[in-house]
Structures are given as C-alpha cells and as structure tokens.
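Here is my note on the model you asked me to look over. Please read it with the structure open.

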Amino acid sequence: MKIQERTGAGGNRSGTAVPPVAGERLPTAPRERKPALAALAVLLILVGALGATVLVLRAGDRIEVVKVKDGASIAAGESITRGKVEPVMVASDTSVKYVKWKQLSALQELKAKSAIPGGAVVVGQMFAAKTGLPAGKASVGLSLKEGQYPAGLKQGDTVAAYRVTANGSGRDKDSGGAGGSTPLVADARVDSIVTKDDSTISTGNRSVTLLVDSDDAAALTSAAAAGEVAVVLVPGSGD
C-alpha cells in the first residue's frame with residue numbers, strides 16, 4: 001500500500017523546469033579565441049620596449065659641442081668669441097669632428113676658413129691656424145685716439161677707413177686735399193682690437209688691426225703712420 005502511494009505522488013509531478021537556486025552561474029557561450037590579435041599585442045609591446053631602450057641609450061651617448069648663436073655669424077678669417085657661441089647637446093658620432101664645448105679656449109686660437117652662419121654647429125674643418133691670411137688680403141695696424149673710432153667698436157665689425165687731418169677734416173684719397181669724402185678703404189674688417197686704457201669703457205686709445213684688400217694696404221699704412229686715420233662702422237655691420 002505504501003508503494004502505491006509513492007508511485008502516485010511521483011506521477012502527479014509537473015513538467016515545469018525548476019528555477020536555478022540563487023548563487024548558481026548561468027551557462028555562457030565559449031569565448032572565441034583570436035590568436036592574431038594576441039600576437040599583434042605582444043609585437044606592439046616588444047616594439048615599444050625596444051624604442052624606449054634605444055632612446056635611453058642615445059640619451060646617454062650625447063656630447064656638448066660648440067654652436068654659433070642664432071643671429072650671430074663668424075666672418076672668414078675671424079676668431080671665435082664667447083659672445084657669439086653657445087653649447088648644444090648632440091648625439092656622439094665619431095665620423096663628425098665636432099668641437100666640444102670644453103675645447104672652446106683652444107678654438108679661439110684659430111680663425112675661420114670661410115664665413116660661418118648663425119645656428120651652425122662648429123666642426124674642426126671650419127678653422128685653421130691664425131698665421132695665414134686669406135688670399136688677396138693684408139693686415140694693417142692702426143693706433144686710434146678717442147674720436148677716431150665709434151663707441152662699441154669690436155672684433156668682426158665691418159668699417160670704412162678715412163684719412164683725416166689733425167683737426168678732423170677729411171682728405172680725399174686721390175688728391176690728398178682736405179674736404180674729400182672718398183674712403184681710404186671702403187670695406188675693411190676689424191681683425192683684432194686692444195684697449196690701451198682699460199680704466200674707461202668708451203674712451204681711451206685703441207690699437208686696431210684691420211683686414212683689408214692688398215691694394216689698399218699701402219695708402220692705409222701711410223695714413224696710419226701719420227696718425228690721420230678714422231674709422232666708421234659700415235651700415236649693417238655687426239650682429
């Protein structure tokens with residue numbers, strides 16, 4: 001009798017699905033694997049790591065070299081002055097003969113073979129010893145008193161040289177008479193300048209050496225020996 005009751009109870013069960021017990025996970029569809037994307041991600045990581053390594057290595061292999069300042073320039077036959085150059089960091093390259101910043105003092109003992117524009121990084125091939133002069137040029141020394149040169153005259157300036165009398169009036173280059181306006185030298189470069197009286201800035205004698213064309217050297221030397229030379233800055237001279 002008990003067996004029948006159990007069988008009857010089982011026969012009355014409904015076919016409705018029993019809801020899942022709380023906390024159980026629902027079945028999910030299997031994820032689709034994409035090996036190509038995974039490989040690409042790994043490749044990008046490796047490339048990034050390699051790039052970072054190269055940057056670190058390059059950053060640690062840089063040197064401080066001499067560069068001409070923007071807006072400045074070095075004329076042919078002129079020596080480097082500290083005011084016209086600045087240090088800059090570049091990647092070390094044994095095939096390029098950079099002039100290191102610590103070698104600036106030695107570089108100042110040399111002269112530029114040709115004009116060097118502003119912004120250029122200096123290399124050794126640009127300079128030679130001071131003993132030589134450019135072809136067709138001569139070096140003439142002047143002893144100038146106050147009033148025979150402009151204030152602020154400096155090495156590298158381009159000037160014109162005039163013959164003047166003791167009272168400051170001009171002499172014509174060809175006739176030698178007073179009142180002429182023809183310069184002895186129309187385009188000369190200040191090769192060096194020495195202050196004879198360092199007690200003042202804008203006054204005192206100046207010992208100036210000009211780089212001139214060889215054809216103008218004789219007339220300029222003659223006037224210089226007589227103390228009858230005055231120089232003026234040519235428009236556009238200097239930085």
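This is a predicted model: local features need pLDDT of at least 70, side-chain atom pairs count only at pLDDT 80 or more; totals for chains, interfaces and linings use all residues.

The points below go from the whole chain to single residues.

1. The protein chain contains four helices and ten strands. In sequence order these run α-α-β-β-α-β-β-β-β-β-β-β-α-β.

2. The protein chain has 239 residues, of which 26% count as buried. Its accessible surface is about 15700 Å², with 56% of that coming from carbon and sulfur atoms. Among contacts with a separation of 6 or more, 66% are between residues 24 or more positions apart.

3. Strands 1 and 2. Strand 1, residues 62-68, is mostly covered, with five of its seven residues buried. Strand 1 is paired with strand 2 (residues 85-91) in the antiparallel sense, through seven bridges. Within this pairing, Val 68 has Val 85 of strand 2 as its bridge partner. A network of salt bridges links Lys 67, Asp 70 and Glu 86.

4. Strand 5. The side chains of strand 5 alternate between two faces. Ala 138, Val 140, Leu 142 and Leu 144 point to one face and are buried. Strand 5 runs antiparallel to strand 9 (residues 206-213), and eight bridges join the two. On strand 9, Leu 210 stands opposite Val 140.

5. Gln 148. Where does Gln 148 lie? Gln 148 is in the loop between strand 5 (137-144) and strand 6 (158-164). Gln 148 counts as buried because its relative accessibility is 13%, and the cut-off for buried is under 20%. Beyond its neighbours within four places in sequence, Gln 148 is in contact with Ser 143, Gly 227, Val 229, Ala 230 and Val 231. Two polar approaches can be checked here: the Gln 148 side chain reaches the backbone nitrogen of Lys 145 at 2.7 Å, and a polar atom of that side chain lies 3.5 Å from the backbone oxygen of Val 229. Asn 205 is 57 residues from Gln 148 along the chain, and the C-alpha atoms of the two are separated by 9.2 Å.

6. Asp 191 and Lys 111. The structure holds eight salt bridges. One of them joins the side chains of Asp 191 and Lys 111, at 2.8 Å from N to O. The pair links distant parts of the chain, with Asp 191 in strand 8 (residues 185-195) and Lys 111 in strand 3 (residues 110-112), 80 residues apart. Are these two residues buried or exposed? Both Asp 191 and Lys 111 are buried.

7. Glu 228 and Arg 163. Glu 228 forms a salt bridge with Arg 163, and the closest N and O atoms are 3.0 Å apart. Because Glu 228 lies in the loop between helix 4 (214-225) and strand 10 (229-233) while Arg 163 is in strand 6, the pair ties together parts that are 65 residues apart in sequence. Glu 228 counts as buried at 17% relative accessibility, whereas Arg 163 counts as partly exposed at 23%.

8. Lys 154 and Asp 157. These residues form a salt bridge too, in which the closest N and O atoms of Lys 154 and Asp 157 are 3.2 Å apart. Lys 154 is partly exposed, its relative accessibility being 38%. Asp 157 is buried, with a relative accessible area of 2%.

9. A nonpolar surface patch. Which residues form the nonpolar patch on the surface? They are Leu 37, Leu 40, Leu 43, Leu 44 and Val 47, and together they have about 490 Å² of accessible area. Val 47 is in helix 2, which spans residues 35-59. Why is Val 47 called exposed? Val 47 has a relative accessible area of 51%, and exposed means over 50%, so Val 47 falls in that class.

Terms used:
Residues are numbered from 1 along each chain as its sequence is written. Side-chain values use heavy atoms; hydrogens and water are left out. Buried means under 20% relative accessible area, exposed over 50%, partly exposed in between (1.4 Å probe, protein chains only). Contact means heavy atoms within 4.5 Å. A polar contact is a pair of N or O atoms within 3.5 Å; within protein, one must be able to donate a hydrogen and the other to accept it, and residues adjacent in sequence count only if both atoms are side-chain atoms. Patches are made of residues with over 30% relative accessible area and no salt bridge: like charges are joined within 9 Å, nonpolar side chains (Val, Leu, Ile, Met, Phe, Trp, Tyr) within 5 Å. Accessible areas come from the Shrake-Rupley method with a 1.4 Å probe; for residues, only the protein chains shown count as cover. A salt bridge is a side-chain nitrogen of Lys or Arg within 4 Å of a carboxyl oxygen of Asp or Glu. Two strands pair if DSSP finds at least two bridges between them.
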